[in-house]
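Could you load the model in your viewer and follow along? A short tour of things to select comes next.

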Number of protein chains: 2
Amino acid sequence: MLISTPKQDTLADIATHRLAHSIVTGELEQGQKLNEAELAERFGMGRGPLREALRHLEGMRLVTRVPNAGARVVVLDRKTLSDLYAVREALEGMACRIAATQMTDDEIAQLGKLLDRHEAQIKKQGGKVYAQSEGDLDFHFQIVRGSRNQMLMNLLGSEQYQLLRMCRYRTSRNAQRTGPALQQHRQIVAALAQRDGELAEILMRRHIQGAWHSIGEMIAKEEAA
Amino acid sequence: MLISTPKQDTLADIATHRLAHSIVTGELEQGQKLNEAELAERFGMGRGPLREALRHLEGMRLVTRVPNAGARVVVLDRKTLSDLYAVREALEGMACRIAATQMTDDEIAQLGKLLDRHEAQIKKQGGKVYAQSEGDLDFHFQIVRGSRNQMLMNLLGSEQYQLLRMCRYRTSRNAQRTGPALQQHRQIVAALAQRDGELAEILMRRHIQGAWHSIGEMIAKEEAA
DNA sequence: TTTCCACAGATTGTCGACAATCAGGATTCG
DNA sequence: CGAATCCTGATTGTCGACAATCTGTGGAAA
(Lines give C-alpha, C1' and ligand atoms only; values in the text may rest on other atoms or scores of the structure.)
Protein backbone atom coordinates (compact mmCIF):
# COMPACT_ATOMS: atom_id res chain seq x y z
CA MET A 1 0.00 0.00 0.00
CA LEU A 2 1.13 3.44 -0.79
CA ILE A 3 -0.69 5.03 2.11
CA SER A 4 1.14 4.56 5.35
CA THR A 5 -0.71 2.20 7.60
CA PRO A 6 -1.53 3.35 11.13
CA LYS A 7 -0.59 0.33 13.22
CA GLN A 8 -0.07 1.41 16.79
CA ASP A 9 -0.52 5.11 16.41
CA THR A 10 -2.11 7.90 18.31
CA LEU A 11 -5.78 8.72 17.82
CA ALA A 12 -4.88 11.93 16.06
CA ASP A 13 -2.83 9.96 13.53
CA ILE A 14 -5.69 7.57 12.95
CA ALA A 15 -8.05 10.48 12.40
CA THR A 16 -5.54 12.04 10.02
CA HIS A 17 -5.41 8.92 7.90
CA ARG A 18 -9.12 8.30 7.93
CA LEU A 19 -9.88 11.88 7.01
CA ALA A 20 -7.24 11.92 4.30
CA HIS A 21 -8.72 8.75 2.86
CA SER A 22 -12.26 10.10 2.99
CA ILE A 23 -11.18 13.30 1.31
CA VAL A 24 -9.19 11.58 -1.41
CA THR A 25 -11.89 9.08 -2.26
CA GLY A 26 -14.50 11.81 -2.46
CA GLU A 27 -16.45 10.37 0.43
CA LEU A 28 -16.17 13.88 1.78
CA GLU A 29 -17.11 16.32 -0.92
CA GLN A 30 -14.86 19.16 -2.00
CA GLY A 31 -15.52 22.30 -0.03
CA GLN A 32 -17.61 20.43 2.50
CA LYS A 33 -17.58 21.78 6.01
CA LEU A 34 -15.92 19.55 8.57
CA ASN A 35 -17.78 19.59 11.84
CA GLU A 36 -15.47 18.75 14.72
CA ALA A 37 -18.03 17.36 17.13
CA GLU A 38 -19.71 15.23 14.49
CA LEU A 39 -16.44 13.77 13.19
CA ALA A 40 -15.15 13.14 16.69
CA GLU A 41 -18.36 11.28 17.44
CA ARG A 42 -18.11 9.24 14.27
CA PHE A 43 -14.49 8.29 14.95
CA GLY A 44 -15.18 7.56 18.60
CA MET A 45 -12.70 10.03 20.02
CA GLY A 46 -12.61 13.42 21.71
CA ARG A 47 -12.35 16.70 19.86
CA GLY A 48 -8.74 17.21 20.88
CA PRO A 49 -7.15 14.54 18.69
CA LEU A 50 -9.51 15.42 15.89
CA ARG A 51 -8.45 19.06 15.97
CA GLU A 52 -4.83 17.96 15.82
CA ALA A 53 -5.65 15.87 12.78
CA LEU A 54 -7.29 18.85 11.09
CA ARG A 55 -4.23 20.95 11.80
CA HIS A 56 -2.04 18.24 10.30
CA LEU A 57 -4.19 18.06 7.20
CA GLU A 58 -4.10 21.83 7.00
CA GLY A 59 -0.33 21.62 6.97
CA MET A 60 -0.48 19.27 4.00
CA ARG A 61 -3.08 21.40 2.29
CA LEU A 62 -5.87 18.86 2.18
CA VAL A 63 -8.15 21.13 4.21
CA THR A 64 -8.52 24.89 4.50
CA ARG A 65 -9.18 26.55 7.80
CA VAL A 66 -10.47 29.98 8.70
CA PRO A 67 -10.37 31.02 12.36
CA ASN A 68 -13.65 30.70 14.21
CA ALA A 69 -15.33 29.29 11.13
CA GLY A 70 -14.01 25.75 10.96
CA ALA A 71 -12.27 23.61 8.38
CA ARG A 72 -13.40 22.71 4.87
CA VAL A 73 -12.18 20.15 2.38
CA VAL A 74 -9.93 21.72 -0.23
CA VAL A 75 -11.50 22.32 -3.63
CA LEU A 76 -9.70 21.23 -6.78
CA ASP A 77 -10.80 23.56 -9.54
CA ARG A 78 -9.48 23.55 -13.07
CA LYS A 79 -6.75 26.08 -12.38
CA THR A 80 -5.49 24.19 -9.36
CA LEU A 81 -5.27 20.96 -11.30
CA SER A 82 -3.54 22.72 -14.15
CA ASP A 83 -0.95 24.03 -11.70
CA LEU A 84 -0.63 20.58 -10.20
CA TYR A 85 0.11 18.96 -13.52
CA ALA A 86 2.66 21.61 -14.36
CA VAL A 87 4.47 20.95 -11.11
CA ARG A 88 4.25 17.23 -11.68
CA GLU A 89 5.74 17.60 -15.12
CA ALA A 90 8.79 19.39 -13.76
CA LEU A 91 9.23 17.14 -10.75
CA GLU A 92 8.58 13.77 -12.29
CA GLY A 93 10.58 14.74 -15.33
CA MET A 94 13.55 15.38 -13.12
CA ALA A 95 12.86 12.21 -11.13
CA CYS A 96 12.95 10.24 -14.36
CA ARG A 97 16.23 11.72 -15.47
CA ILE A 98 17.90 10.96 -12.16
CA ALA A 99 16.26 7.55 -11.82
CA ALA A 100 17.87 6.53 -15.12
CA THR A 101 21.24 6.77 -13.41
CA GLN A 102 20.26 5.57 -9.96
CA MET A 103 17.88 2.66 -10.30
CA THR A 104 19.27 -0.84 -10.21
CA ASP A 105 18.70 -3.22 -13.11
CA ASP A 106 16.50 -5.23 -10.82
CA GLU A 107 14.31 -2.28 -9.97
CA ILE A 108 13.82 -1.50 -13.62
CA ALA A 109 12.93 -5.12 -14.28
CA GLN A 110 10.36 -4.94 -11.49
CA LEU A 111 8.91 -1.87 -13.17
CA GLY A 112 8.47 -3.89 -16.34
CA LYS A 113 6.70 -6.66 -14.46
CA LEU A 114 4.41 -4.08 -12.88
CA LEU A 115 3.37 -3.01 -16.38
CA ASP A 116 2.80 -6.64 -17.35
CA ARG A 117 0.37 -6.98 -14.48
CA HIS A 118 -1.37 -3.78 -15.54
CA GLU A 119 -1.73 -5.04 -19.06
CA ALA A 120 -3.19 -8.33 -17.91
CA GLN A 121 -5.60 -6.50 -15.68
CA ILE A 122 -6.72 -4.20 -18.45
CA LYS A 123 -7.38 -7.07 -20.83
CA LYS A 124 -9.26 -9.06 -18.23
CA GLN A 125 -11.58 -6.36 -16.90
CA GLY A 126 -12.13 -3.52 -19.26
CA GLY A 127 -14.47 -1.68 -16.94
CA LYS A 128 -12.95 -1.69 -13.52
CA VAL A 129 -10.34 1.01 -14.00
CA TYR A 130 -9.93 2.05 -10.41
CA ALA A 131 -7.26 -0.55 -9.93
CA GLN A 132 -5.47 0.69 -13.02
CA SER A 133 -5.49 4.24 -11.75
CA GLU A 134 -3.95 3.20 -8.49
CA GLY A 135 -1.53 1.08 -10.43
CA ASP A 136 -0.60 4.04 -12.57
CA LEU A 137 0.24 5.97 -9.42
CA ASP A 138 2.28 3.00 -8.29
CA PHE A 139 4.29 3.17 -11.47
CA HIS A 140 4.97 6.86 -11.10
CA PHE A 141 5.87 6.52 -7.47
CA GLN A 142 8.31 3.70 -8.11
CA ILE A 143 10.18 5.94 -10.51
CA VAL A 144 10.23 8.76 -8.00
CA ARG A 145 11.63 6.30 -5.48
CA GLY A 146 14.26 5.43 -8.03
CA SER A 147 15.53 9.00 -7.96
CA ARG A 148 16.64 8.43 -4.36
CA ASN A 149 15.51 11.96 -3.59
CA GLN A 150 13.70 11.87 -0.28
CA MET A 151 12.24 15.34 -0.65
CA LEU A 152 10.80 14.43 -4.02
CA MET A 153 9.31 11.33 -2.52
CA ASN A 154 7.72 13.40 0.19
CA LEU A 155 6.33 15.98 -2.19
CA LEU A 156 4.98 13.61 -4.77
CA GLY A 157 4.33 10.69 -2.47
CA SER A 158 2.47 12.42 0.28
CA GLU A 159 0.92 15.69 -0.70
CA GLN A 160 0.54 15.96 -4.42
CA TYR A 161 -0.11 12.29 -4.59
CA GLN A 162 -3.18 12.77 -2.43
CA LEU A 163 -4.44 15.57 -4.64
CA LEU A 164 -3.83 13.43 -7.68
CA ARG A 165 -5.81 10.60 -6.19
CA MET A 166 -8.62 13.04 -5.47
CA CYS A 167 -8.53 14.02 -9.09
CA ARG A 168 -8.57 10.39 -10.16
CA TYR A 169 -11.56 9.52 -8.08
CA ARG A 170 -13.36 12.50 -9.45
CA THR A 171 -12.65 11.76 -13.10
CA SER A 172 -12.24 7.99 -13.14
CA ARG A 173 -15.89 7.35 -13.96
CA ASN A 174 -15.50 9.08 -17.31
CA ALA A 175 -12.84 8.69 -19.93
CA GLN A 176 -10.00 6.22 -19.95
CA ARG A 177 -6.60 6.48 -21.47
CA THR A 178 -5.25 3.22 -20.24
CA GLY A 179 -4.18 2.02 -23.65
CA PRO A 180 -1.90 4.86 -24.73
CA ALA A 181 -0.81 5.42 -21.14
CA LEU A 182 0.46 1.87 -20.85
CA GLN A 183 2.40 2.19 -24.06
CA GLN A 184 3.99 5.41 -22.89
CA HIS A 185 4.89 3.72 -19.64
CA ARG A 186 6.63 0.99 -21.58
CA GLN A 187 8.61 3.52 -23.57
CA ILE A 188 9.72 5.15 -20.35
CA VAL A 189 10.87 1.85 -18.90
CA ALA A 190 12.77 1.16 -22.09
CA ALA A 191 14.55 4.50 -21.82
CA LEU A 192 15.39 3.80 -18.19
CA ALA A 193 16.75 0.38 -19.11
CA GLN A 194 19.01 2.03 -21.67
CA ARG A 195 20.09 4.51 -19.00
CA ASP A 196 18.99 7.35 -21.23
CA GLY A 197 17.94 9.93 -18.67
CA GLU A 198 17.25 12.72 -21.13
CA LEU A 199 14.93 10.60 -23.20
CA ALA A 200 13.20 9.25 -20.12
CA GLU A 201 12.59 12.79 -18.94
CA ILE A 202 11.17 13.88 -22.27
CA LEU A 203 8.88 10.85 -22.45
CA MET A 204 7.65 11.36 -18.92
CA ARG A 205 6.94 15.04 -19.49
CA ARG A 206 5.05 14.23 -22.65
CA HIS A 207 3.15 11.51 -20.83
CA ILE A 208 2.05 13.91 -18.09
CA GLN A 209 1.18 16.61 -20.60
CA GLY A 210 -1.02 14.11 -22.39
CA ALA A 211 -2.71 13.11 -19.18
CA TRP A 212 -3.43 16.73 -18.39
CA HIS A 213 -4.73 17.34 -21.87
CA SER A 214 -7.32 14.62 -21.54
CA ILE A 215 -8.25 15.40 -17.94
CA GLY A 216 -8.39 19.13 -18.50
CA GLU A 217 -10.88 18.69 -21.33
CA MET A 218 -13.00 16.44 -19.19
CA ILE A 219 -13.10 18.97 -16.39
CA ALA A 220 -13.93 21.78 -18.76
CA LYS A 221 -16.93 19.81 -20.00
CA GLU A 222 -17.90 18.99 -16.46
CA GLU A 223 -17.72 22.60 -15.34
CA ALA A 224 -19.85 23.67 -18.29
CA ALA A 225 -22.70 21.71 -16.78
CA MET B 1 7.22 40.45 4.77
CA LEU B 2 7.14 37.05 3.22
CA ILE B 3 6.01 35.33 6.38
CA SER B 4 2.31 35.71 6.95
CA THR B 5 1.63 37.92 9.93
CA PRO B 6 -0.69 36.60 12.63
CA LYS B 7 -3.02 39.51 13.25
CA GLN B 8 -6.17 38.28 14.90
CA ASP B 9 -5.47 34.61 14.90
CA THR B 10 -5.97 31.68 17.18
CA LEU B 11 -3.36 30.79 19.78
CA ALA B 12 -2.40 27.70 17.83
CA ASP B 13 -1.66 29.86 14.78
CA ILE B 14 0.47 32.20 16.86
CA ALA B 15 2.39 29.26 18.25
CA THR B 16 2.83 27.89 14.74
CA HIS B 17 4.37 31.13 13.52
CA ARG B 18 6.57 31.65 16.54
CA LEU B 19 7.84 28.09 16.39
CA ALA B 20 8.41 28.26 12.66
CA HIS B 21 10.38 31.46 13.13
CA SER B 22 12.43 30.01 15.97
CA ILE B 23 13.20 26.92 13.94
CA VAL B 24 14.12 28.82 10.80
CA THR B 25 16.39 31.28 12.56
CA GLY B 26 18.18 28.51 14.38
CA GLU B 27 17.02 29.76 17.77
CA LEU B 28 15.85 26.19 18.18
CA GLU B 29 18.63 23.86 17.17
CA GLN B 30 18.16 21.14 14.60
CA GLY B 31 17.09 17.88 16.15
CA GLN B 32 16.28 19.57 19.43
CA LYS B 33 13.48 18.04 21.44
CA LEU B 34 10.39 20.19 21.78
CA ASN B 35 8.89 19.91 25.22
CA GLU B 36 5.19 20.67 25.12
CA ALA B 37 4.76 21.87 28.70
CA GLU B 38 7.84 24.07 28.57
CA LEU B 39 6.87 25.69 25.27
CA ALA B 40 3.27 26.17 26.37
CA GLU B 41 4.56 27.89 29.48
CA ARG B 42 6.89 30.11 27.48
CA PHE B 43 4.15 31.12 25.05
CA GLY B 44 1.65 31.64 27.82
CA MET B 45 -0.93 29.16 26.55
CA GLY B 46 -2.23 25.69 27.31
CA ARG B 47 -0.84 22.53 25.82
CA GLY B 48 -3.82 22.07 23.53
CA PRO B 49 -3.09 24.88 21.07
CA LEU B 50 0.59 24.09 21.24
CA ARG B 51 -0.01 20.49 20.26
CA GLU B 52 -2.08 21.70 17.33
CA ALA B 53 0.78 23.92 16.27
CA LEU B 54 3.18 21.00 16.41
CA ARG B 55 0.83 18.94 14.27
CA HIS B 56 0.64 21.79 11.76
CA LEU B 57 4.42 22.07 11.65
CA GLU B 58 4.62 18.31 11.26
CA GLY B 59 2.38 18.65 8.23
CA MET B 60 4.78 21.13 6.69
CA ARG B 61 7.76 19.01 7.67
CA LEU B 62 9.46 21.47 9.95
CA VAL B 63 9.27 19.05 12.86
CA THR B 64 9.34 15.27 13.14
CA ARG B 65 7.15 13.41 15.55
CA VAL B 66 7.30 9.91 16.93
CA PRO B 67 4.33 8.69 18.99
CA ASN B 68 4.80 8.81 22.74
CA ALA B 69 8.24 10.33 22.32
CA GLY B 70 7.51 13.91 21.33
CA ALA B 71 8.46 16.25 18.53
CA ARG B 72 11.91 17.29 17.38
CA VAL B 73 13.11 20.00 15.05
CA VAL B 74 13.86 18.63 11.60
CA VAL B 75 17.53 18.13 10.78
CA LEU B 76 18.93 19.39 7.50
CA ASP B 77 21.82 17.15 6.63
CA ARG B 78 23.84 17.32 3.46
CA LYS B 79 21.71 14.80 1.62
CA THR B 80 18.50 16.61 2.49
CA LEU B 81 19.85 19.92 1.28
CA SER B 82 21.13 18.30 -1.88
CA ASP B 83 17.66 16.94 -2.53
CA LEU B 84 16.17 20.34 -1.75
CA TYR B 85 18.36 22.10 -4.29
CA ALA B 86 17.56 19.52 -6.93
CA VAL B 87 13.86 20.09 -6.41
CA ARG B 88 14.37 23.84 -6.44
CA GLU B 89 16.25 23.60 -9.70
CA ALA B 90 13.36 21.82 -11.38
CA LEU B 91 10.66 23.95 -9.86
CA GLU B 92 12.22 27.38 -10.15
CA GLY B 93 13.48 26.58 -13.60
CA MET B 94 9.94 25.90 -14.70
CA ALA B 95 8.71 28.98 -12.85
CA CYS B 96 11.19 31.08 -14.76
CA ARG B 97 10.16 29.70 -18.12
CA ILE B 98 6.50 30.35 -17.44
CA ALA B 99 7.14 33.73 -15.82
CA ALA B 100 8.79 34.88 -19.03
CA THR B 101 5.43 34.65 -20.73
CA GLN B 102 3.22 35.71 -17.83
CA MET B 103 4.88 38.58 -16.02
CA THR B 104 3.90 42.10 -16.96
CA ASP B 105 6.52 44.56 -18.13
CA ASP B 106 5.98 46.47 -14.94
CA GLU B 107 6.65 43.45 -12.77
CA ILE B 108 9.89 42.78 -14.60
CA ALA B 109 10.90 46.40 -14.14
CA GLN B 110 10.17 46.07 -10.42
CA LEU B 111 12.44 43.05 -10.38
CA GLY B 112 15.22 45.17 -11.81
CA LYS B 113 14.72 47.83 -9.18
CA LEU B 114 14.87 45.16 -6.50
CA LEU B 115 18.30 44.20 -7.77
CA ASP B 116 19.37 47.85 -7.76
CA ARG B 117 18.52 48.02 -4.09
CA HIS B 118 20.47 44.84 -3.44
CA GLU B 119 23.49 46.23 -5.21
CA ALA B 120 23.36 49.44 -3.24
CA GLN B 121 23.04 47.47 -0.04
CA ILE B 122 25.98 45.26 -0.87
CA LYS B 123 28.23 48.21 -1.65
CA LYS B 124 27.25 50.05 1.50
CA GLN B 125 27.59 47.25 4.03
CA GLY B 126 29.89 44.49 2.92
CA GLY B 127 29.46 42.53 6.13
CA LYS B 128 25.80 42.44 6.96
CA VAL B 129 24.67 39.81 4.49
CA TYR B 130 21.57 38.65 6.26
CA ALA B 131 19.52 41.27 4.50
CA GLN B 132 20.94 40.20 1.16
CA SER B 133 20.03 36.62 1.80
CA GLU B 134 16.46 37.56 2.58
CA GLY B 135 16.53 39.79 -0.46
CA ASP B 136 17.74 36.93 -2.58
CA LEU B 137 14.76 34.89 -1.47
CA ASP B 138 12.58 37.87 -2.31
CA PHE B 139 13.94 37.86 -5.83
CA HIS B 140 13.30 34.18 -6.30
CA PHE B 141 9.84 34.40 -4.84
CA GLN B 142 8.85 37.29 -7.08
CA ILE B 143 9.69 35.17 -10.10
CA VAL B 144 7.71 32.27 -8.74
CA ARG B 145 4.82 34.67 -8.28
CA GLY B 146 5.28 35.67 -11.86
CA SER B 147 4.52 32.12 -12.95
CA ARG B 148 0.95 32.58 -11.69
CA ASN B 149 1.08 29.01 -10.46
CA GLN B 150 -0.50 28.94 -7.02
CA MET B 151 0.74 25.48 -6.19
CA LEU B 152 4.27 26.48 -7.03
CA MET B 153 3.91 29.52 -4.81
CA ASN B 154 2.72 27.31 -1.98
CA LEU B 155 5.50 24.79 -2.39
CA LEU B 156 8.34 27.23 -2.75
CA GLY B 157 6.85 30.05 -0.75
CA SER B 158 5.78 28.18 2.31
CA GLU B 159 7.55 24.94 2.87
CA GLN B 160 10.74 24.78 0.94
CA TYR B 161 11.19 28.45 1.52
CA GLN B 162 11.32 27.82 5.26
CA LEU B 163 13.89 25.08 4.82
CA LEU B 164 15.93 27.35 2.61
CA ARG B 165 15.87 30.09 5.20
CA MET B 166 17.03 27.56 7.78
CA CYS B 167 19.88 26.71 5.51
CA ARG B 168 20.71 30.37 5.05
CA TYR B 169 20.81 31.11 8.73
CA ARG B 170 23.04 28.15 9.21
CA THR B 171 25.52 29.05 6.51
CA SER B 172 25.26 32.82 6.32
CA ARG B 173 28.10 33.36 8.77
CA ASN B 174 30.57 31.83 6.36
CA ALA B 175 31.05 32.36 2.69
CA GLN B 176 29.29 34.85 0.47
CA ARG B 177 28.52 34.68 -3.17
CA THR B 178 26.64 37.93 -3.39
CA GLY B 179 28.73 39.29 -6.26
CA PRO B 180 28.27 36.52 -8.83
CA ALA B 181 24.77 35.86 -7.59
CA LEU B 182 23.73 39.42 -8.30
CA GLN B 183 25.14 39.26 -11.79
CA GLN B 184 23.30 36.03 -12.48
CA HIS B 185 20.13 37.62 -11.22
CA ARG B 186 20.61 40.46 -13.68
CA GLN B 187 21.05 38.02 -16.52
CA ILE B 188 17.85 36.30 -15.56
CA VAL B 189 15.94 39.58 -15.49
CA ALA B 190 17.34 40.41 -18.90
CA ALA B 191 16.12 37.10 -20.28
CA LEU B 192 12.71 37.69 -18.79
CA ALA B 193 12.57 41.16 -20.31
CA GLN B 194 13.29 39.63 -23.70
CA ARG B 195 10.56 37.08 -23.05
CA ASP B 196 13.06 34.31 -23.61
CA GLY B 197 11.68 31.62 -21.34
CA GLU B 198 14.09 28.90 -22.36
CA LEU B 199 17.11 31.05 -21.66
CA ALA B 200 15.65 32.27 -18.37
CA GLU B 201 15.14 28.66 -17.30
CA ILE B 202 18.67 27.68 -18.20
CA LEU B 203 20.11 30.66 -16.36
CA MET B 204 18.03 30.01 -13.29
CA ARG B 205 18.99 26.35 -13.20
CA ARG B 206 22.63 27.24 -13.53
CA HIS B 207 22.26 29.85 -10.81
CA ILE B 208 20.77 27.35 -8.38
CA GLN B 209 23.35 24.71 -9.28
CA GLY B 210 26.05 27.25 -8.50
CA ALA B 211 24.47 28.10 -5.18
CA TRP B 212 24.34 24.43 -4.26
CA HIS B 213 27.91 23.92 -5.32
CA SER B 214 29.14 26.59 -2.95
CA ILE B 215 26.84 25.67 -0.09
CA GLY B 216 27.45 21.96 -0.44
CA GLU B 217 31.19 22.46 -0.14
CA MET B 218 30.67 24.59 2.92
CA ILE B 219 28.55 21.96 4.58
CA ALA B 220 31.00 19.22 3.74
CA LYS B 221 33.76 21.16 5.47
CA GLU B 222 31.47 21.83 8.41
CA GLU B 223 30.56 18.19 8.78
CA ALA B 224 34.19 17.18 8.68
CA ALA B 225 34.64 19.01 11.98
C1' DT C 1 30.95 -6.99 38.57
C1' DT C 2 27.29 -7.48 35.42
C1' DT C 3 22.57 -8.09 34.18
C1' DC C 4 17.89 -7.91 34.85
C1' DC C 5 13.79 -6.08 36.99
C1' DA C 6 10.99 -2.84 39.26
C1' DC C 7 9.86 1.56 40.59
C1' DA C 8 9.52 6.65 40.26
C1' DG C 9 9.58 10.78 37.76
C1' DA C 10 8.65 13.02 33.74
C1' DT C 11 6.32 13.47 29.34
C1' DT C 12 2.85 12.55 26.07
C1' DG C 13 -2.07 11.29 24.91
C1' DT C 14 -6.94 11.98 25.90
C1' DC C 15 -11.12 13.70 27.71
C1' DG C 16 -14.73 16.67 29.50
C1' DA C 17 -16.18 21.27 30.68
C1' DC C 18 -16.23 26.20 30.04
C1' DA C 19 -15.46 30.66 27.48
C1' DA C 20 -15.45 33.14 23.06
C1' DT C 21 -17.17 33.77 18.70
C1' DC C 22 -20.16 33.24 14.76
C1' DA C 23 -24.67 32.36 11.95
C1' DG C 24 -29.48 32.81 11.44
C1' DG C 25 -33.88 34.33 12.65
C1' DA C 26 -37.19 37.16 15.11
C1' DT C 27 -38.13 41.87 16.43
C1' DT C 28 -38.44 46.62 16.16
C1' DC C 29 -37.77 51.10 14.27
C1' DG C 30 -37.57 54.27 10.33
C1' DC D 1 -42.00 47.27 3.50
C1' DG D 2 -37.05 47.26 4.29
C1' DA D 3 -33.11 47.45 7.18
C1' DA D 4 -30.69 47.49 11.38
C1' DT D 5 -30.42 45.16 15.95
C1' DC D 6 -30.59 41.91 19.38
C1' DC D 7 -31.15 37.33 20.90
C1' DT D 8 -30.39 32.41 20.75
C1' DG D 9 -28.49 28.15 19.26
C1' DA D 10 -24.57 26.07 17.49
C1' DT D 11 -19.69 25.74 16.69
C1' DT D 12 -15.02 26.73 17.59
C1' DG D 13 -11.17 27.89 20.89
C1' DT D 14 -9.03 27.03 25.34
C1' DC D 15 -7.93 25.07 29.67
C1' DG D 16 -7.12 21.93 33.49
C1' DA D 17 -7.10 17.24 35.10
C1' DC D 18 -6.39 12.37 34.50
C1' DA D 19 -4.66 8.09 32.11
C1' DA D 20 -1.07 5.82 29.34
C1' DT D 21 3.51 5.45 28.08
C1' DC D 22 8.38 6.08 28.18
C1' DT D 23 13.12 6.82 30.52
C1' DG D 24 16.55 6.16 33.54
C1' DT D 25 17.99 5.00 38.07
C1' DG D 26 18.69 2.02 41.85
C1' DG D 27 18.89 -2.36 43.90
C1' DA D 28 18.99 -7.39 44.06
C1' DA D 29 20.43 -11.80 42.26
C1' DA D 30 23.61 -14.69 39.48
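Predicted model: local features only at pLDDT ≥ 70, side-chain atom pairs only at ≥ 80, totals over all residues.

**Stop 1: a helix in chain A.** Select residues 11-24 of chain A, which form helix α1. The 14 residues of α1(A) reach 20 Å from the first C-alpha to the last, close to the 20 Å expected at 1.5 Å a residue. Now colour its buried residues: A:Ala12, A:Asp13, A:Ala15, A:Thr16, A:Leu19, A:Ala20, A:Ile23 and A:Val24. They lie on the same side of α1(A), because they cover an arc of only 160° around the axis. The general rule is that an α-helix has 3.6 residues a turn, so residues three or four places apart point the same way. Then step just past α1(A) to A:Gly26, which takes a positive phi of about 85°.

**Stop 2: DNA strand D.** Show the residues around DNA strand D; there are 18, and the closest are A:Glu36, A:Gly70, B:Leu11, B:Gly46 and B:Gly48. Which elements each supply at least two residues of this surface? They are α2 (36-43) and α3 (47-59) of chain A, together with α1 (11-24) and α3 (47-59) of chain B. α3(A) gives the most, with three residues.

**Stop 3: where the chains meet.** Finally, select the contacts between the chains: 28 residues of chain A touch 28 residues of chain B. On the chain A side, α3, α4 (78-102) and α7 (150-171) give two or more residues each. That side divides into 13 nonpolar, eight polar and seven charged residues.

Key. Residues numbered from 1 in each chain as written. Chains lettered and ligands numbered in written order. Helix = DSSP H or I, 4+ residues; strand = E, 2+ residues; numbered from the N terminus. Expected span 1.5 Å × (residues − 1). Buried ≥ 20, exposed ≤ 12 C-beta atoms within 10 Å, placed from the backbone. Arc of directions from axis to C-beta. Near = placed C-beta within 6 Å. Contact = placed C-beta atoms within 7 Å. Nonpolar A, V, L, I, M, F, W, Y, C, P; charged D, E, K, R; others polar.
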